[in-house]
There are 2 protein chains.
Amino acid sequence: MSRALDPGSLAPLFTPSSIALIGASTDPSKVGGMPQKFLMDRGYEGAIYPINPAADEVQGRPAFGSIADVPGDVDLAVIAVPAAGVIPAIEQAAAKGARAAIIFSSGFSELSAEGAAQQIRLSEIADEAGMRILGPNCMGMFSVPNQVYCTFGTAFGHYGGKGWPAPGGVGLISQSGSVGMHLFSLLRDRGIGFSRWAATGNQANIEAADMIAYMAADPETTVIASYMEGCPDMDRLAEALELARAAQKPVIMFKVGVSELGSGAARLHTASDAGDDDAMDALFADHGALRVCDMNEMEDAIYAASHNWYPARQETGIVSISGGVGIVMADEAAKVGISLPELPETSQQKVRELVPMAATRNPVDLTASWLRDLKLMGITADTMFEDADLASAIIYLSSVGMDPAFAEKIREGVAPVAQKHPTKALALSMRANREVCATFEKDGVLVFDDPSRAVRTVAAMGWLKMQMDIAP
Amino acid sequence: MSRALDPGSLAPLFTPSSIALIGASTDPSKVGGMPQKFLMDRGYEGAIYPINPAADEVQGRPAFGSIADVPGDVDLAVIAVPAAGVIPAIEQAAAKGARAAIIFSSGFSELSAEGAAQQIRLSEIADEAGMRILGPNCMGMFSVPNQVYCTFGTAFGHYGGKGWPAPGGVGLISQSGSVGMHLFSLLRDRGIGFSRWAATGNQANIEAADMIAYMAADPETTVIASYMEGCPDMDRLAEALELARAAQKPVIMFKVGVSELGSGAARLHTASDAGDDDAMDALFADHGALRVCDMNEMEDAIYAASHNWYPARQETGIVSISGGVGIVMADEAAKVGISLPELPETSQQKVRELVPMAATRNPVDLTASWLRDLKLMGITADTMFEDADLASAIIYLSSVGMDPAFAEKIREGVAPVAQKHPTKALALSMRANREVCATFEKDGVLVFDDPSRAVRTVAAMGWLKMQMDIAP
């Protein structure tokens, strides 16, 4: 039988009042030194206890020879010592009463039979002590609302050390820390804020299922995304996915190890058994998790979900200033299985009155006429929502957004349409810088650089919406 | 019987000594005014004759009431007048002896039966006069070496009017001007230079096949890329593709209208019959043209081809600082049909000696050890080429390139490997700005933001290499 999910038991991991850093380094650029630097730089308000028997002081804070010497309670222990020292460290943390631990160290089941045996011992200790362990062989976690940064990820160093996450609703769980950091950096650079982030590594004790269950209950998290190499217990995962669905939170899954080569690599990386891919596929479909297949699909789905952008159905209306791109998008729509309903005659008539040479069926091609009246795009999208009741619309605008003044004029035509139709999903495909995109996003209008990616996102989010609407 | 290809007949279009602008506007922001402004701004050295019966002077140059009044010869006539005026204009251009014309105007076969009849008349005039016509319903062309800019594309206005193409080997043919401009702007922003660019529109007289044949013979062009909605004559296209293959120039095709909806939209856009997609697919495969399915695939293939980056076989070695991304890439490799050969024991041994905990089969996972020696990536790629004789290698480096100083250290390890193995194809998957990417590209190392796109590009370019190697 599966172990019961116990989301509350992860609270000490994400909201610790005190953190002991076992293997704290005086060098803030080392794996063992980064968490302390991050915690201090970000102003974590709990107690920080560096544990380092060779130093009186670590990065300006008094250090302790052992976790046993710490004067106060310890909620969370972060372990950054070589593999051989991990079991003693976790035993000491358990003896001290720590309720959660993070083990950065590798050299366990991903390496050897001996390592696998030690990993089993780790999970036994956790079970005996009622302690939750993240890892081993993991990049740790961060939690934005309370400034907990127990990780050695390097992406915060981007932009001259200004690469910190903004607060937001995305909870990201990644078995691979690198994949998790890559996704974090992509999403951060697209203006998306985070609640929690965790790398689960070898998953000796905490699996993705535990994290999903925690985030389903977590008021800070509105969107759950998970990169997964292996699933140790499909029943638990199914149960966690249903908790998320009941909480009306989307779950976006990037499950790898689809191919023989990929699953072989997964075995070497986190000792994961990638499992039967068809069974995984069915599990995600049955329990309403959206499965994505690469970083860009993951990024786009999280981006859309974090803007609460859900077409009610897998259909769209395409408004284009380029007949050619309209065709590209129509082909893509057919490929991903979304429909482009023919506009009703009233709508087609409205467009034709404004642009006699326009193609009006759907895709609508406004031809070069859009240039003489920048409101045409908005008017067309409006009739798609108002008269045709389409669930979504995508306006293709080429590189128009690269001229911010021009983009602002476009926004004046588009923003009222989004405001008038809050249940509809409106997106632009347009090349533009982040500042320009942000002005549209404030109005609930998404911006995609690539038209095909915009179409794929309609398919993904329309599917997710249907799934979330099914009451469990 | 197909009309014979006659590449030399397009010379007046791309290398005119004199250009008449029929419908020249005094407003340089108007469609009829843009070519003159572009030609003057870029310093076109031939004669420019604005034709405008209502003005003595257009944008500072003496204007003529009719093309008949022009004192010298006219090689190329650009026609930017309403549809009703096009036939008289083309007749006058023919009478003047112009050998090529570009018709921006729309309102022909894409609009109505009457327009279709007029378009037939246009092609008759062209045939009678031995004149080549680009369009109608097209965005014109540009030719970088000789600064001919007869187009109303707006992408040059990016970056405060500094969005001009750099000289280079890419010849881009797009039936849709907007798609062509979109691709141009993507590639320009990725550091790629252009030879010629042309939008073929309704293809009354000049089809993609003519353009491909011209570029196959054109010494300025080394890479041919074409966005196509309809193919009026498959035999001519096949013949043109074989000319390109004989010239050892890759042809990259983005043929749309795959779906029923897409082909319906193509009919409305450029009156194109998208044709039987299976037959098109077979034609491209038989004649060695790489078929791509979206803007990003098109961009990546042109990018790789313009750096002459061809794996000899559809295989790769993956070097990763993230086991997780190694799995993502292995899955993608399986999906697109490229192999990841297991490294020979000598190679695996070499890597293990440097990184005892590394996964060494392929993908190679250097784990966090890469941080202690930035040369490890290069050493691993070297043994993949030297000892395993792999045709290509991709090194995944997450967001490392976002720190330029760090990226420079990586480059020191990677550049010598590329120099030592000039017949091998080496790429990085790394987030980095354009300046950083350019330093790698100078050494022949490509940089992809996304790891899955890097893998897809190996598949595409390996296929193209095999095709180009088949002597016709």
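This is a predicted model: local features need pLDDT of at least 70, side-chain atom pairs count only at pLDDT 80 or more; totals for chains, interfaces and linings use all residues.
The same surface serves both copies, since 100% of the contact residues of chain B recur in chain A.

**Symmetry of the two chains**

Two copies of a chain are related by a rotation about an axis and a shift along it.

**The interface**

The size of an interface is often given as the accessible area lost when the parts come together. Chain B and chain A bury about 4,400 Å² between them, and 63% of this area is on carbon and sulfur atoms. Chain B gives 60 residues to the contact, and chain A gives 61 residues. The rule finds 21 residue pairs in polar contact across the interface, with both residues at pLDDT 80 or more. On the side of chain B that touches chain A, the elements giving two or more residues include α6 (177-188), α11 (295-306) and α17 (451-469) of chain B. The largest share of that side, nine residues, comes from α12(B). By residue type, the side of chain B that touches chain A divides into 27 nonpolar, 19 polar and 14 charged residues.

**Salt bridges**

Over all chains, the structure holds 66 salt bridges, and four are found across the interface of chain B and chain A. The table presents examples from the model.

| Residue pair | N to O distance |
|---|---|
| A:Asp189 and B:Arg431 | 2.9 Å |
| A:Asp189 and A:Arg188 | 2.9 Å |
| B:Asp294 and A:Arg456 | 2.7 Å |
| B:Arg121 and B:Glu91 | 3.8 Å |

A:Arg188 is buried, with a relative accessible area of 11%.

The salt bridge of B:Asp294 with A:Arg456 joins two chains, because B:Asp294 lies in the loop between β14 (290-291) and α11 of chain B, whereas A:Arg456 lies in helix α17 (residues 451-469) of chain A. B:Asp294 counts as buried at 7% relative accessibility, while A:Arg456 is partly exposed, with a relative accessible area of 23%.

Within chain B, B:Arg121 and B:Glu91 meet in a salt bridge. B:Arg121 lies in helix α4 (residues 113-129) and B:Glu91 in helix α3 (residues 86-96), so the pair ties together parts that are 30 residues apart in sequence. B:Arg121 counts as partly exposed at 29% relative accessibility, and B:Glu91 counts as partly exposed at 38%. In chain A, a network of salt bridges links A:Glu91, A:Arg121, A:Glu124 and A:Glu128.

Technical notes. Residues are numbered from 1 along each chain as its sequence is written. Chains are lettered from A and ligands numbered from 1 in the order in which they are written. Side-chain values use heavy atoms; hydrogens and water are left out. Contact means heavy atoms within 4.5 Å. Buried area is the accessible area (1.4 Å probe) that two parts lose on being put together, summed over both. A salt bridge is a side-chain nitrogen of Lys or Arg within 4 Å of a carboxyl oxygen of Asp or Glu. A polar contact is a pair of N or O atoms within 3.5 Å; within protein, one must be able to donate a hydrogen and the other to accept it, and residues adjacent in sequence count only if both atoms are side-chain atoms. Helices (H or I, at least four residues) and strands (E, at least two) are DSSP runs, numbered from the N terminus. Ala, Val, Leu, Ile, Met, Phe, Trp, Tyr, Cys and Pro count as nonpolar, Asp, Glu, Lys and Arg as charged, and the others, Gly among them, as polar. Buried means under 20% relative accessible area, exposed over 50%, partly exposed in between (1.4 Å probe, protein chains only).
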